[in-house]
Amino acid sequence: MASHSTTPGAAADVFRVRGGTPLRGTVSLAGAKNSALKLMAASLLTDEPVELEQIPAIADVPVMAELLAGLGVEVALDSDGGTCRLRAADPHFHAPAAAVRRIRASISCLGPLVGRVRRARLALPGGDQIGARGIELHLQGLTAMGASIIDHGDELEIIATDLHGAIITLDFPSVGATENLLMAAVLADGTTVIDNAAREPEIQDLCRMLVAMGANIQGIGAPTLEIEGVERLTGVRWETCPDRIEAGTYAMAAALTGGDVVIERVRAQDLTMPLIKLRAAGVMVEEGGSSLRVKAAGLDAVDVVTLPYPGFPTDLQPQMMVLLTQAVGTSRCTENVFESRFSFVDQLRRMGADVQIDGHHAMIRGPVPLHGATLAGLDVRAGAAGAMAGLVADGETIIEDIHHIDRGYADFVPRLQALGADIERVRADA
Ligand code: EPZ
């Protein structure tokens, strides 16, 4: 991963994008951000080495590595090689606040710490400003497993000397809560049932790695997970699952620009709903063993409703919205997962998009010509969607705050350039 000024506040780089070039060629993807970070946290569950492969070269990974090192974990991260070797011989419970506050995934250390050392103390996590992002479901579940929660104001401490199994029904199939309760339960006394559990492919990847470490988990991929606690877990070598959100982003960029792109190292079954919607919009999608070919000639309006997996992923909503600005007709996009994930719309309107918001529905009229503008990269996905809009806009688009994009997309600019895009990373004052 090339050295970039990705830290917020540093003299920033920006992306400069010029529209008009259909994307063509092949892009090969690494592992999923939203799995890799949790697999790294799961290393806290064993005193044996955990060797992870296909670790994406994204900015959140070194932050998670720093956080785990702060907990006493030996971490050897080879970003270029895409591997990470971790060993938590004797982790302690108090997480370094600075690293915790920089990423949302830091909260994923809570469950494994409670499972392994029966105690955890950490600040509230950082992450994208796309909603309230509470953690009460995590805490309610841990309380049901015998934990007590101490609020220190800027940090929470969870003590679970007598961590035991419990029957937990989640109000909402939260990804983070499911992961934390799962990782506490694998070393708890007795059986835990998580009802209305999240079943995203990244959760399934975590479950399968835990089973490879000796955990006893039934119902992987189903709405109910049943976990029989065990004494200890072993080490493992594991390959991170492909990044379906990165794949969906490139697929939509190809369709948006009227291009023809092959995406390698992708599992089509992880993208069922987005592919249904792309095909409904008139996009040609060919599925290969571990690749997808996406080719577009014209786009039709479709309605999209974001929901927990296997529904349409909220992490592809901004990208799909950009695509729908170029579709013939009126599309309705409904956001059901994060209450403020339409903050991106103002950015699109600056480029001339016709989007009307009505509560958690957005009405998108198209096709409307977009023109270049200066956009703020609000968060990981909105940032990538802004760059996509620049690929079809008339003139030049500048994307600021690109540290957000670096957090979730490895080598975004070189990969798009390899597909023919006119995009470059330049200093803001260049
Ligand atoms: C994960 O966030 C992902 N992040 C998000 O991806 C993704 O959008 C989200 O899952 C949904 O798929 C990581 O894995 C690091 P949730 P998470 O708990 O775990 C509410 C990206 O772009 N909720 O499923 O935070 C919450 O406020 C990021 O890569 C509570 O109210 O998601 C939200 O509205 C963005 N209380 C909804 O549930 C709780 O205790 C879904 O949250 C927990 C969640």
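## Sheet 4-5-3-13

In this predicted model, four strands form an open sheet in the order 4-5-3-13, and the pairing is mixed. Strands and helices are DSSP runs numbered from the N terminus, with E for strands (at least two residues) and H or I for helices (at least four); two strands pair if DSSP finds at least two bridges between them. Strand 4 (74–78) and strand 13 (236–239) stand at the edges with a single partner strand each, so one side of each is left without a neighbour in the sheet. From one strand to the next, the twist averages 10 degrees.

Four bridges link strand 3 (residues 50–53) to strand 13 in the parallel sense. Leu52 has Trp238 of strand 13 as its bridge partner. Helix 7 (residues 201–212) packs on this sheet and touches strand 3 and strand 13; the direction of helix 7 makes about 155 degrees with that of strand 13. Contact means heavy atoms within 4.5 Å, and such angles run from 0 to 180 degrees between N-to-C directions, with axes fitted to C-alpha atoms, for helices over the stretch in contact.

## Basis and confidence

Residues are numbered from 1 along each chain as its sequence is written, and side-chain values use heavy atoms, with hydrogens and water left out. Because the model is predicted, local features need pLDDT of at least 70 and side-chain atom pairs count only at pLDDT 80 or more, whereas totals for chains, interfaces and linings use all residues.

The mean pLDDT (the predictor's confidence in each residue, from 0 to 100) is 95 for the protein, and 97% of its residues reach 70 or more. Over residues 1–10, pLDDT stays under 50, and the model has 14 contacts beyond four places in sequence for this stretch. Where pLDDT is low, the predicted coordinates should not be read in detail.

A nonpolar core is a set of buried Ala, Val, Leu, Ile, Met, Phe, Trp, Tyr and Cys residues joined through side-chain atoms within 4.5 Å. Buried means under 20% relative accessible area, exposed over 50%, and partly exposed in between, for a 1.4 Å probe and protein chains only. The largest nonpolar core has 76 residues, and Met145 and Leu210 have the most contacts inside it. Leaving aside neighbours within four places in sequence, Leu210 is in contact with residues including Ala42, Leu45, Met183 and Leu233. Apart from this core lies another, of 70 residues, among them Ala251, Leu316, Tyr409 and Phe412.

Met183 is placed in helix 6 (residues 175–185). With 0% relative accessibility, Met183 counts as buried. Beyond four places in sequence, the contacts of Met183 include Lys38, Ser108, Pro112, Leu206 and Leu210. Met183 and Cys207 are 24 residues apart in sequence, and their C-alpha atoms are 8.9 Å apart.

Asp60 lies in helix 2 (residues 60–70) and counts as buried at 2% relative accessibility. A polar contact at 2.7 Å joins the side chains of Asp60 and Arg407. Such a contact is a pair of N or O atoms within 3.5 Å; within protein, one must be able to donate a hydrogen and the other to accept it, and residues adjacent in sequence count only if both atoms are side-chain atoms. Not counting residues up to four places away in sequence, Asp60 touches Lys33, Leu37, Ile103 and Arg407.

Gly127 belongs to the loop between strand 6 and helix 5 (136–144). Gly127 also counts as buried, at 15% relative accessibility. Its contacts beyond four places in sequence are Arg101, Arg102, Ile103, Arg104 and Arg133.

## Strands 6, 7 and 8

Strand 8 (residues 155–159) is mostly covered, with four of its five residues buried. Strand 8 pairs in the antiparallel sense with strand 6 (residues 119–123) over five bridges and with strand 7 (residues 148–151), also antiparallel, over four bridges. Leu156 of strand 8 is the bridge partner of Leu122 and stands opposite Asp151. The hairpin of strand 7 and strand 8 has three residues between the strands, and Gly153 there takes a positive phi near 90 degrees.

## Sheet 17-18-20-19

Another open sheet has four strands in the order 17-18-20-19, with mixed pairing. Its edge strands, strand 17 (304–305) and strand 19 (354–358), each pair on one side only. Strand 19 and strand 20 (residues 361–366) run antiparallel and are joined by five bridges, with Ala362 of strand 20 as the bridge partner of Ile357. Helix 10 (residues 317–324) packs on this sheet, touching strand 17, strand 18 (329–334), strand 19 and strand 20; the direction of helix 10 makes about 30 degrees with that of strand 20.
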